[in-house]
Amino acid sequence: MSIIEELDVLLKKYNLTIYDAMKIYEMHQIKPIRVVKCHEDSEILWQYYCVGQNPCGCGSNCYHYEYDNIDDEIYGVCNVCEKDIYVVKKEYKEEKLKEGKWISKSLKF
Ligand SMILES: [Zn+2]
């Protein structure tokens, strides 16, 4: 049976339209969310500086942490051009996530 035929059988079985099926699928999709690390008390962006270095290449030496729920990784992100500069090593991830307060990026920027 082709995937189309299989889908058609399922739609008929549960009395659904293709639009119902798409709606159900969308509801169960994991939405990509990035949260940024802020100071717990002030909710000000927790920033890091590379003294005498230029890790991004854009000229800025100032970056912050962003956690990505899809990749399950913390990224060091440039404050100026918002490029992901590096990935925090797995062994430091839990410890970093416990520090500060992680706020949705859309609320912070
Ligand atoms: Zn940059």
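## A first look at this predicted chain

Helices (H or I, at least four residues) and strands (E, at least two) are DSSP runs, numbered from the N terminus. Just after H1, Asn15 takes a positive phi of about 55 degrees.

Before going on, a word about the model. It is predicted, and local features need pLDDT of at least 70, side-chain atom pairs count only at pLDDT 80 or more, while totals for chains, interfaces and linings use all residues. Residues are numbered from 1 along each chain as its sequence is written. The predictor's confidence in each residue is its pLDDT, on a scale from 0 to 100. The protein chain averages 92, and 99% of the residues score at least 70. Among the elements, S4 has the highest mean pLDDT (97) and helix H4 (residues 105-108) the lowest (77).

Now for the overall layout. The protein chain has four helices and six strands, in the order α-α-β-β-β-β-β-α-β-α along the sequence. Its radius of gyration is 21 Å, well over the 13 Å that the globule rule gives for 109 residues, so the chain is more spread out than a compact globule. That radius is taken over C-alpha atoms, and the rule is 2.2 Å times the number of residues to the power 0.38. Along the principal axes, the C-alpha atoms fill a box of roughly 65 × 30 × 30 Å. Two domains are assigned, domain 1 (1-30) and domain 2 (32-108), with bounds from an automatic or database domain assignment. Their C-alpha centres lie 39 Å apart. Buried residues make up 10% of the 109 residues.

Where do the strands meet? Two strands pair if DSSP finds at least two bridges between them.

|---|---|---|
| S1 and S3 | three bridges | Val35 and Tyr67 |
| S1 and S6 | four bridges | Val36 and Ile103 |
| S4 and S5 | three bridges | Gly76 and Tyr86 |

Strands S4 (residues 73-78) and S5 (residues 84-87) form a hairpin with five residues between them, and Glu82 in the turn has a positive phi of about 60 degrees.

Which residues make up the largest nonpolar core? Six do: Val35, Val36, Tyr65, Tyr67, Ile74 and Trp102. Strand S1 (34-38) and strand S3 (62-68) are the elements that give two or more residues to this core. A nonpolar core is a set of buried Ala, Val, Leu, Ile, Met, Phe, Trp, Tyr and Cys residues joined through C-beta atoms within 7 Å. Trp102 touches Val35, Val36, Lys37 and Tyr67, leaving aside residues up to four places away in sequence. Such a contact means that the C-beta atoms of two residues, placed from the backbone, lie within 7 Å. Among contacts between residues at least 6 apart in sequence, 43% join residues at least 24 apart.

Finally, helix H3 (residues 90-98) is hardly covered, and the count of buried residues among its nine residues is zero. Just after H3, Gly100 takes a positive phi of about 65 degrees.

Note on methods
Buried ≥ 20, exposed ≤ 12 C-beta atoms within 10 Å, placed from the backbone.
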